[in-house]
Amino acid sequence: MSTMQQPDVMVVLTPVAAGEVVKFMEAEGVTAEKGGLRVSVMPGGCSGFKYGLVIEDAQAEDDITVDVGGIKIFVDPFSAQYLSGTTIDYVSSMQGSGFTFKNPNSTGGCGCGSSFSA
């Protein structure tokens, strides 16, 4: 039997972001016992990578699961290398509202704020 060591991933949700995640989970009927927020990094965007957020009913077999204040965050192994240390916030302004990412692994980004380079 082989064991794989999963990398440590530290992701921070601000209290405002956590409140919004709970609202989305409730709206989709997803319980905190099994479900959570999938945070991912995908190739694309104008800077090379883009973030993805989606409410999931349950974690995937190879996910790294981080509990942040009672909210499960699911991270796939590919995304983990880019997300450790990232703070996710939710901001509202006259221009709109949405999740923002403060990622110490990012070496650059674009004006839209949803893509980055590493």
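Five aromatic pairs are found in a search of the whole structure; rings of Phe, Tyr and Trp (its six-membered ring) pair if their centres lie within 6.5 Å, with planes under 30 degrees apart counted as stacked, over 60 as edge-to-face and the rest as tilted. This is a predicted model, in which local features need pLDDT of at least 70 and side-chain atom pairs count only at pLDDT 80 or more, while totals for chains, interfaces and linings use all residues. Residues are numbered from 1 along each chain as its sequence is written, and side-chain values use heavy atoms, with hydrogens and water left out.

**Aromatic cluster**

- Phe24 and Phe99 form a tilted pair, at 6.3 Å centre to centre and 45° between the planes.
- Phe24 belongs to helix α1 and Phe99 to strand β7, so this pair ties together parts that are 75 residues apart in sequence; helices (H or I, at least four residues) and strands (E, at least two) are DSSP runs, numbered from the N terminus.
- The pair of Tyr90 and Phe99 is edge-to-face, because the ring centres are 4.9 Å apart and the planes lie at 75°.
- Phe24, Tyr90 and Phe99 make up one aromatic cluster.
- Tyr90 is buried, at 16% relative accessible area, whereas Phe24 is partly exposed at 39% and Phe99 partly exposed at 23%; buried means under 20% relative accessible area, exposed over 50% and partly exposed in between (1.4 Å probe, protein chains only).

**Helix α1**

- Ala17, Ala18, Glu20, Val21 and Met25 are the buried residues of α1.
- These buried residues line one face of the helix, because they fall within an arc of 160° seen down its axis, the arc being that of the directions from the helix axis to the C-beta atoms.
- Pro15, Lys23, Glu26 and Ala27 are exposed on the other side of α1.
- Gly29, with a positive phi near 70°, follows α1.

**Nonpolar core**

- The largest nonpolar core has 26 residues, and Val9, Leu13, Val21 and Ile73 have the most contacts inside it; such a core is a set of buried Ala, Val, Leu, Ile, Met, Phe, Trp, Tyr and Cys residues joined through side-chain atoms within 4.5 Å.
- α1 gives the most to this core, with four residues.

**Confidence**

- The protein chain has a mean pLDDT of 84, and 81% of its residues reach 70 or more; pLDDT is the predictor's confidence in each residue, from 0 to 100.
- Confidence is highest in α1, at a mean of 96, and lowest in strand β9 (residues 115-117), at 50.
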